[in-house]
Amino acid sequence: MVEHTRTLDFKIAFAIGLGTMIAAGIFSLSGAAVAMIGASAVIAFVIAAVVAGITAASYSEFASIYSENGGGYLFNSRTFEERRLLTYGVGMSLFLGYTGTTAFYLATMDEWFFRFILPASLQALPHGTVGVVAAALLGVLNARGTEESGTFQLFVTGAKVAVLFAFIAGAFAYRGPATASTNFAGQFQADAVGIVTVAALAFITFFGFSAIAASAGEIIEPRKTVPRAIAASILTVTVLYALVIVAMTNSTVPPEVVAEEGETAMGLVAEGFLGPAGRSLIVAGAVFSMVSASNASILAATGIGSLMGRRGQAPRAFTRIHREYGTPIWSVTTVTATIVAMIVFFIALFPAEGAPFGLDLGLEALTGFATLNLLLPLSVVNGALIVHRRKFPDMERGFAVPGVPAVPALGILANLALIANLPVSGAVTGTLLVALLVGVYLLWGGAPEVEDLVRDVTPGQPTPAPTAGEAAGGADAAGGPAAGEATGSAPGERFRVLVPVARPDRALEHVRLAAAVAGGRYREPFVEVVTVTEIPDQTPHEVVTDTARQRTDRIAENLDGADLDVDYTVAAHTSRDVAFDIVQTARDGDADLLLMGYPEERPEITRAVEYTAPCNVVFSTGFDDPAVPPVDRVTVGAGGGPHHEESFDLVRALARGGAAVGVVSVAPERGGTIEDAGEAVEAFADLGVEVTEREAETVADGLVDAAAETGGVLVIGASRDRRLSQWVFGSTPDRVVERATDAGVPVLIHAAPSGFSGRIEDHLFPVYRYLRGRLPRSGSTARSPEQ
């Protein structure tokens, strides 16, 4: 079993939906909508929001049942398991909808570039050029495995909202609230056909809610979080869009100019309210919003492609993972190529005016094409909910849509009504392509699912022998019952050490070291090994499950062949945030100590673990030979300070396990404070420690030289929050590790959690030590700091 760790909370899920909805739709359609139906554009956007909300409710119920990635494709696959043609049609249509939406975003951005950014010397370039270049660049970035942290997603969404509020505030400040409201109220039009037509075009702006459902596999407590995030994002963006329409109706630009500008009108309107700076702000915000929303749609399309490949409804190559980047490279490439083809077809080859053979398409037709391929599968999702309720009446549902089957049926009718009002050229083009791809699938016939292939080749294989940890304590390789629990020990009676392992070949040395570190405690030790396979944003976690399982098997095999005298388990996790997974695992398992290697290639992971872990953390480096007993002698500096004293417990535990202890007092030759060994000697008085003094160029050099001479392990303490000491004084632990690596000395760095008073001590101790070295004292010479 491979466990997947979810990392997204409500605010991130809300930001994903809101950020995806704030894109080309509001920046391009607002001008065209106001030019067509005036203030009634608000009604059109509200209709689109209501239709989206009905389908979003169906999405929410499904997401509360199937808390996995995949969105509408997953929901229909689970409902219509045997109807492969139908599920293929849904997946293929969603794939075209996501790629078409991205093409719409980038083609709109292309228009903004030509209108506001490109100099006159580049205006001769074919329209669509900027969009194609942007699509190619985004494809390369996604192929290489870009990452967006939750904090970054919040920042991006916050920036988009801030730009819209600046535009709205500019309108109200320019006109005044009363005048702005009057102007808005006076521009309503009773054009039912126009309102529905704009609603059909505007629907694409609300489809961002599906990004939340598509990320359900990454969302914490998805049964509660997904419905709330979807509802909150749709409501918020509806209010924002309504306010933008109010602002547009108060434009200083003549209505005929707004109509002529179309998708770029908002930039000119902003200039009227806020001047050239305002126009630049809106242009920058529009481009930024379109690029970020395009990236989100590329991620969604890539995920759909990969899942279809696993189900045998797309070429198997779509599931192939790039060895270096860990991304589904063929799925990303196909998505990028499809987006480029759409931009070239709708914008460059067949523009809105003067196209060959009279086939005028352009941006509006592209919008219709993308919206058709979103509304069709959404209609099926609504129908699937009705079928699912009848097929699985007793299934637990974290969220239940009221009024089934009436509400989903209303959603189907509303979706079909919007389809009927889409631009004919876009709808016809979309229908023809869908029919063509369905015909191709019928000729091909599909392929077996990956899971079916695995089941076909694995029957009859012997069950792997249990690991040593399993034999000793009954734990399984996937993190089953803890050995202590299997043998009757209560969890609180054991000293639990969590050991994250990035490289399976180093698992044995880490487990031996964990046994030595925990062996001198007053509770029986238990080691929990976890290997976390990181998932790029472009890769569905289901795709890397086999890789994670293989890593676990390798670790279990390495440990099974060793003579270990400690109970252990081995667990495999997949996560998009390795540090979050490690910390959460430590928290959930009530770990007493976390032992992991010192950073080599990913120092940001180690820093995040160090600062947020709920228990003490020990970093190790230099333990390269698993056949050598890890700790038979310990060297510790005289040092001083709160974080150094915290490491004494680790030293005492190692000493109780049989290690000899030596305390070293270093006098830096280049100046600095002579270390007082009194505190360390008093702390280890009952251990019979050896105390030595030595001079060295720096404290780090002295500690490493002493450890190298005695052949022992060097133990040092580190502050959890040592930003001040790093900026002002440098980091002794980092210098020790660098020097020890060259000298071949193994090092243990102990970092203890700090409360508020502990953080104050951590910040003040380096200052105190610095001043103590600067101020003359009787019997000593002032030295400059070298720590």
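Mentor: Start with strand S2, residues 494–500, which is mostly covered: seven of its seven residues are buried. This is a predicted model, so local features need pLDDT of at least 70 and side-chain atom pairs pLDDT 80 or more, while totals for chains, interfaces and linings use all residues. Residues are numbered from 1 along each chain as its sequence is written, and side-chain values use heavy atoms, without hydrogens and water.

Trainee: What makes a residue buried or exposed?
Mentor: Buried means under 20% relative accessible area, exposed over 50%, and partly exposed in between, with a 1.4 Å probe and protein chains only.

Trainee: Which residues of S2 point one way, and which the other way?
Mentor: Arg-494, Arg-496, Leu-498 and Pro-500 point one way. Phe-495, Val-497 and Val-499 point the other way, and all are buried. In a regular strand the side chains alternate between the two faces of the sheet.

Trainee: How do you know that S2 and strand S3 pair?
Mentor: Pairing needs at least two bridges found by DSSP. S2 and S3 (residues 524–534) have seven, in the parallel sense. Val-499 stands opposite Val-529 in S3.

Trainee: Why is helix H9 called largely enclosed?
Mentor: Because twelve of its 15 residues are buried. Among them are Gly-194, Ile-195 and Phe-206.

Trainee: How does the span of H9 agree with what it should be?
Mentor: The expected span is 1.5 Å times one less than the number of residues. For the 15 residues of H9 (192–206) that gives 21 Å, and the end C-alpha atoms are 21 Å apart, so the two agree.

Trainee: Where is the kink in H9 centred?
Mentor: On Ala-200, at about 30 degrees. The bend is the angle between axes fitted to the seven residues ending there and the seven starting there.

Trainee: Why is the contact of Arg-397 and Glu-61 called a salt bridge?
Mentor: The definition asks for a side-chain nitrogen of Lys or Arg within 4 Å of a carboxyl oxygen of Asp or Glu. Here N to O is 2.9 Å, so the pair qualifies. The pair links distant parts of the chain, 336 residues apart. Arg-397 is buried, at 17% relative accessible area, and Glu-61 is buried, at 0%.

Trainee: What of Glu-690 and Arg-633?
Mentor: Their closest N and O atoms are 3.0 Å apart, in a salt bridge. Glu-690 lies in strand S9 and Arg-633 in strand S7, so the pair ties together parts 57 residues apart in sequence. Glu-690 has 43% relative accessibility, so it counts as partly exposed.

Note on methods
Helix = DSSP H or I, 4+ residues; strand = E, 2+ residues; numbered from the N terminus.
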